Amino acid sequence: MSTDDDVNPYELLDVKIEATDADIRKAYRTRSLKVHPDRNRNDPKAPQKFHALNQAYELLLDPLRRLAVDAKLRIQNARKARYANYDSKRKAMMEDLEDRERAFKKQKENRQKEQQDKYHEAERAKGEGKRMMEERLAEMKAMEEQRAAESSKEEEETLPPTIGPLDTTIRLKYTLASHPELTTASSLTKLLAQFGNTDEALTILSVKPAKSSKSKDRATAIVPFHKLGDAFGAVCASGRAERGLDGVEISWAGEKGKEPEILGWLRKRGELGTTEISGVEPSPTSPLPAASSTSAETPQSKTRDPGMSTYSSFPSSFPTTTASGLPKSASVPVGTGGLDYESLTLMRLRQAERERLEREILESEAN
């Protein structure tokens, strides 16, 4: 057990340095009765005193530890004796030396504490700098990603979307009672010639017989145009009697009648104007493109009503297909022995699309 350097165990037990073990035990019993906490309930320091007494008792009963304590006490007593024999001048020198030693010791402790504080401050600043650097790098990365996203968005808005296989195709629904003449692909081509050239070879017509005497025979037709602007004009003129389309519902042939993405792109760019059809204002939800005076006339466009506006104001970059459904740029040159591989592939794709539309019409009629 450890003891305080300033505490003299002999003084705690009130015995001399020459006391025997029997004297120490007797003195302990006497002192313990006086300082026991049970007999000193009003003294808050009674437990500490009793504990110090036990330590002194155990220390003096240990021969080796008692030898060390005795040697230390002899050194202290000899120092006190020498100090007592010093004159006043020498005592002052000794006191000054001890004060300097204490001051040096305190200064050393303060210097060590200051070094530790500087080290901790440097570590904190290092961690703070690292954190700020990570935050800065994260901000730069976020800014780069934002700029890349904005650049990508601007590029997407600038570039037109790709034209799908059904972007120039429309769907017509009508009853044969209102239009008994529309029973063939050629009759549909003649009706829609006022808007532009259609692909009669790829026109699909399906008639659904009436289920009862009260219902009427209904017809559904899929008609592909050569130009997207012509198809757009036909959709905008849906159900207009002045166009001969009274009772004819015209919509896009795409999924759920959704309009081609290229129209939305043109509308955002402000290139999809509006015009009037035979003096009738267009629907707000279906704006008509402005008429173009530079569009090339076709044989069918010459037969249109002079009082009706045309629908060829779309950009010239839109594809114009031939009667076979191929773009004019991919059409077969005159004098060649047959179709090249690319043209043949495009024809097969159009044929597969035509068969798919036929199946959809048959399934919808069956339902």
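**View 1. Helices and strands along the whole chain.** Helices (H or I, at least four residues) and strands (E, at least two) are DSSP runs, numbered from the N terminus. By this rule the protein has 9 helices and 4 strands, and along the sequence they follow the pattern α-α-α-α-α-β-α-β-β-α-β-α-α. The model is predicted, with local features needing pLDDT of at least 70 and side-chain atom pairs counting only at pLDDT 80 or more, while totals for chains, interfaces and linings use all residues. Residues are numbered from 1 along each chain as its sequence is written, and side-chain values use heavy atoms, with hydrogens and water left out.

View 2. Rolling a probe the size of a water molecule over the atoms shows where empty space is left. A cavity is a set of points, on a 1 Å grid over the protein atoms alone, where a 1.4 Å probe fits but cannot get out, and its lining residues have an atom within 4 Å of a point. The structure holds 1 cavity of 30 Å³ or more, and about 100 Å³ of space lies in the largest cavity, where a volume is the space filled by probe spheres set on the points, which are joined across faces, edges and corners. The lining is made up of P165, L166, T169, L202, I204, I222, P224, R350, E353, R354 and L357. Two or more of these residues come from each of β3 (218–224) and α9 (341–366), and α9 gives the largest share, 4 residues.

View 3. T203 sits in the loop between α6 (185–192) and β2 (204–208). With a relative accessible area of 7%, T203 is buried (under 20% relative accessible area, whereas exposed is over 50% and partly exposed is in between, with a 1.4 Å probe and protein chains only). Leaving aside residues up to four places away in sequence, T203 touches A185, L188, I222, V223, P224 and R354, a contact meaning heavy atoms within 4.5 Å. A polar atom of the T203 side chain lies 2.9 Å from the backbone oxygen of D199.

**View 4. D62 between two helices.** D62 is found in the loop between α3 (46–60) and α4 (63–85), where D62 is partly exposed, with a relative accessible area of 27%. Although D62 and D21 are 41 residues apart in sequence, they are 9.7 Å apart in space, taken from C-alpha to C-alpha.

How values were computed: On a 1 Å grid over the protein atoms alone, a cavity is a set of points where a 1.4 Å probe fits but cannot get out, and a pocket is an open set with protein on both sides within 12 Å along at least five of seven lines; lining residues have an atom within 4 Å of a point. A polar contact is a pair of N or O atoms within 3.5 Å; within protein, one must be able to donate a hydrogen and the other to accept it, and residues adjacent in sequence count only if both atoms are side-chain atoms.
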